[in-house]
Amino acid sequence: MSWYDIFPMVSTTFIALSAILVAIGWRLIIKGRREAHQKVMIAAAISALLFFIIYVSRTIFIGNTSWGGPEDLEKIYLTFLLFHIVLATVAAVFGITTLTLAFRKNFAKHRRWGRVTAVIWFATAITGVTVYVLLYQMYPGGHTKPMIEAIFG
Ligand code: HEM
């Protein structure tokens, strides 16, 4: 197995782990366990940050992978990829806002933002894992090239 295979596998694992931690953290706060909620949500944020660091390093050092499956599926894949990228960006902004509200002890607002953040986070993880499966598992990955080229051809 080369770095080419390891990087996406590890970063996808961190996305999935992060969503699982958010689900656990949500359950904990419903049960009233505030301290455990805080710890698990911080772990979820660190896991998402690790994903981001790995993703960015890979983009810089190796590049992004273009679609390697059937040509007639490429447009659908790229639309789905763009949808995932938009979701992930929104999730990051909502995640930072939710964390900031918690640390400022504005818990009434945190609670409202937290629910939306958690749902967007789950959607990001599900679409992220789907992109990984489509790009690396169902079909052989295409060429590795710089991000802009991989997205816009
Ligand atoms: C990105 C990370 C976080 C997410 C996604 C998140 C999510 C949530 C959600 C969904 C709720 C509402 C649960 C419900 O009523 O259904 C909640 C409540 C709460 N969270 Fe977080 N949380 C995060 C981080 C934190 C942190 C770091 C702290 C502590 C500093 C914290 C403290 C609390 C408290 C005290 C409540 C209860 C508020 C109340 O009872 O009105 N959360 N959070």
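Visitor: In which element does Thr127 lie, and why is Thr127 called buried?

Guide: Thr127 lies in helix α4, where a helix is a DSSP run of H or I with at least four residues, a strand is a run of E with at least two, and both are numbered from the N terminus. Its relative accessibility is 7%, and since buried means under 20% relative accessible area, exposed over 50% and partly exposed in between (1.4 Å probe, protein chains only), Thr127 counts as buried. The model is a predicted one, in which local features need pLDDT of at least 70 and side-chain atom pairs count only at pLDDT 80 or more, while totals for chains, interfaces and linings use all residues. Residues are numbered from 1 along each chain as its sequence is written, and side-chain values use heavy atoms, with hydrogens and water left out.

Visitor: Which residues does Thr127 touch?

Guide: With contact taken as heavy atoms within 4.5 Å, and residues up to four places away in sequence not counted, Thr127 touches Phe80, Phe83, His84 and Leu87. Phe80, which belongs to helix α3 (residues 74-103), in turn touches Thr127, Thr130 and Val131 under that exclusion of sequence neighbours.

Visitor: What makes Phe80 partly exposed?

Guide: The relative accessible area of Phe80 is 26%, a value that falls between the 20% and 50% limits, and therefore Phe80 is called partly exposed.

Visitor: Why is the site of the iron atom of the ligand called octahedral?

Guide: Six donors count as octahedral if opposite donors are over 155 degrees apart and all others between 65 and 115, four count as square planar on those limits or as tetrahedral if all angles lie between 85 and 135 degrees, and anything else is irregular. The iron atom has 6 donor atoms with angles of 87 to 180 degrees among them, and its site is accordingly assigned as octahedral. Donors here are N, O and S atoms within 2.8 Å of the metal (3.2 Å for Na, K and Ca), and sites may look incomplete because water is not among the atoms.

Visitor: Which residues of the chain coordinate the iron, and where do they sit?

Guide: The iron atom of the ligand is coordinated by the NE2 atoms of His37 and His110, at 2.0 Å. This pair links distant parts of the chain, with His37 in helix α2 (residues 34-61) and His110 in helix α4 (residues 107-138), 73 residues apart. Both His37 and His110 are buried.

Visitor: How do you know that Phe61 and Lys105 are exposed?

Guide: Phe61, found in helix α2, has 69% relative accessibility and so counts as exposed. Lys105, in the loop between α3 and α4, has 63% and therefore also counts as exposed. Lys105 is not a glycine, yet it has a positive phi of about 60 degrees.

Visitor: How many helices and strands does the chain have, and in what order do they run?

Guide: The protein chain has 5 helices and 2 strands, which run α-α-β-α-α-β-α from the N terminus on. Along its principal axes, the C-alpha trace spans about 50 × 30 × 25 Å.

Visitor: What share of the residues is buried, and what share of the contacts joins residues 24 or more positions apart?

Guide: Buried residues make up 34% of the 153 residues. Among contacts with a separation of 6 or more, 75% are between residues 24 or more positions apart.
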